[in-house]
Amino acid sequence: MPAPEPSPPQPSPPAAGSHSGAYVLAEAAARARDIRAAFGGGRSPAPSLPAPPPADAPATDVPAAEMPTAGAGLGRILRGPSGLGTVGLRLARCEGASAPVEPVEPPTAPAEGTPVPGLYHHPVPEPDPVRVEEVSRRIKTWALDEVDLYPEDWEDQFDGFSVGRYMVACHPDAPTVDHLMLATRLMVAENAVDDCYCEDHGGSPIGLGGRLLLAHTALDPLHTTKEYQPRWAESLHSDAPRRAYRSAMEYFVQAAGASQADRYRHDMARLHLGYLAEAAWAQTDHVPEVWEYLAMRQFNNFRPCPTITDTVGGYELPADLHATPAMQRVIALAGNATTIVNDLYSYTKELASPGHHLNLPVVIAEREGISDREAYLKSVEVHNDLMRDFEAAAADLAAACPLPSVQRFLRGVAAWVDGNHYWHQTNTYRYSLPDFW
Ligand SMILES: CC(C)=CCC/C(C)=C(\C)COP(=O)(O)OP(=O)(O)O
Ligand SMILES: [Mg+2]
């Protein structure tokens with residue numbers, strides 16, 4: 001076993017219960033180094049080689065021409081986000097690092113769709129069309145040939161979801177299309193579970209807990225006796241959501257470190273808990289208080305998507321650093337802002353769907369006794385506060401912790417937030433704005 005690296009000087013520990021971000025992060029970094037040394041190295045923060053595909057998968061090498069050029073996407077992520085409060089996310093703020101300070105490029109062409117008026121967001125450059133096309137092609141092949149995801153008459157909806165554009169926009173630092181595919185398969189699988197188990201493609205709150213738990217075992221496998229193991233293994237092929245989770249996770253675990261895979265499982269357990277609270281309220285027609293709704297939506301949330309940014313980027317944020325309270329706050333705020341973006345853009349779609357669909361404007365209108373319009377505008381402010389808090393927390397953490405993996409992870413999360421807004425704004429197949437202005 002190699003000897004652990006010598007530890008750099010540590011900040012002195014503060015009084016109990018008053019750990020500063022810098023102290024906690026330095027301590028966590030030292031622990032992470034020890035853990036990596038004990039296990040013989042660990043994953044490097046530099047981009048890794050593409051993950052080996054499963055034995056039966058087609059070759060997925062990506063020609064060098066597909067790597068992002070020094071154009072808008074990569075340039076932007078190397079500089080970091082550019083909005084208010086994001087100065088601390090730029091590499092130049094990181095001690096010992098140097099990065100060119102360049103003017104921020106505007107998007108190459110005006111993006112389709114209209115942003116929600118007054119919504120605090122950062123426009124992104126149009127995602128690389130070559131990558132979008134390739135990811136779109138490969139994900140359709142996976143959906144049809146590998147997991148038999150949907151019947152023919154759902155094809156328009158699959159195409160209209162534009163998952164290739166979504167993932168390329170959210171992961172501008174992915175080294176290859178193989179890396180992008182890790183995120184794209186999981187995104188499709190997550191939506192298959194939501195649509196088929198919870199929502200409008202045969203979903204229902206009744207019996208949801210059992211379905212979700214069994215699907216969760218496609219991510220977090222059952223370990224049981226020889227007698228019962230085969231029945232469980234077969235069950236993973238028995239419906240489209242489970243086939244999709246199983247296959248997407250199989251690819252993911254081959255590229256991810258053990259703690260990255262476990263981080264993802266934990267986030268998915270959170271997501272499933274959020275689905276269950278939403279379903280329980282739907283079953284009894286209960287409209288929660290606004291803060292209760294926000295708590296549910298922190299779990300029924302996009303969080304599992306930005307938190308794989310390091311695996312998709314080909315590096316690893318060590319588990320101890322991911323687990324620090326400061327990083328957890330950044331991640332939670334980012335997830336919450338991205339999810340309220342969904343509530344705003346999907347508002348008219350959800351009003352038109354059967355049943356009483358909860359989203360932030362609906363809950364505020366009902367609980368606070370204000371008009372639909374006032375509630376929608378108030379929801380925009382809630383989102384904007386979450387975004388500003390996210391950016392402030394990320395900037396503080398970036399300033400406190402000069403480790404390259406932390407800096408890059410924070411930039412990756414910020415890029416996901418911006419890409420998610422871009423996708424919602426431009427997905428006019430799926431979303432349209434209410435007439436409130
Ligand atoms: C991709 C992923 C982890 C999704 C989990 C939760 C989810 C489906 C959302 C946050 C989107 O919200 P919603 O169910 O309201 O989606 P639509 O409004 O139908 O697009
Ligand atoms: Mg929605």
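Two residues are in contact if their C-beta atoms, placed from the backbone, lie within 7 Å. Among contacts in the chain between residues at least 6 apart in sequence, 77% join residues at least 24 apart. Keep that in mind while touring this predicted model.

**The whole chain**

The secondary structure comes to 18 helices and zero strands. Of the 437 residues in the chain, 43% are buried. The model scores are ipTM 0.98 and pTM 0.80.

Now colour by confidence. The average pLDDT of the chain is 81, and 74% of the residues score at least 70. Select residues 1-79: here the pLDDT is below 50, and the stretch has 111 contacts in the model beyond near neighbours in sequence. Next select residues 81-104, where the pLDDT is again below 50. Beyond near neighbours in sequence, residues 81-104 have 53 contacts in the model.

**Around ligand 1**

Select ligand 1 and show the residues around it. There are 13 of them, and E190, D194, T339, N342 and S346 come nearest. By type, the shell divides into five nonpolar, six polar and two charged residues.

Which helix gives the most to the shell around ligand 1? Select α6, which supplies four residues. α6 covers residues 177-198. Together with α6, select α14 (325-345); each of these helices supplies at least two residues of the shell.

**Along helix α14**

Within α14, pick N336. Is N336 buried or exposed? N336 has 22 other C-beta atoms within 10 Å, and a residue with 20 or more counts as buried, so N336 is buried. Leaving out residues up to four places away in sequence, N336 touches R297, Q298, N301 and L386.

**Helix α16**

Move to α16, residues 360-368, and select R367. With 16 C-beta neighbours inside 10 Å, R367 counts as partly exposed. Which residues does R367 touch, not counting those up to four places away in sequence? Show V287, E289 and V290. From C-alpha to C-alpha, R367 and V287 are 7.8 Å apart in space, while 80 residues separate them in sequence.

**Two loop residues**

The last stops are in loops. Select D148, in the loop between α3 (129-146) and α4 (155-161). D148 is not a glycine, although its phi is positive, at about 45 degrees. D148 is partly exposed, with 13 other C-beta atoms within 10 Å.

Follow the chain past α4 to S162, which sits in the loop between α4 and α5 (163-170). What is the phi of S162? The angle is positive, about 50 degrees, although S162 is not a glycine. S162 counts as partly exposed, with 18 C-beta neighbours inside 10 Å.

Definitions and conventions. Residues numbered from 1 in each chain as written. Chains lettered and ligands numbered in written order. Predicted model: local features only at pLDDT ≥ 70, side-chain atom pairs only at ≥ 80, totals over all residues. Near = placed C-beta within 6 Å. Nonpolar A, V, L, I, M, F, W, Y, C, P; charged D, E, K, R; others polar. pLDDT = per-residue confidence, 0-100. Buried ≥ 20, exposed ≤ 12 C-beta atoms within 10 Å, placed from the backbone.
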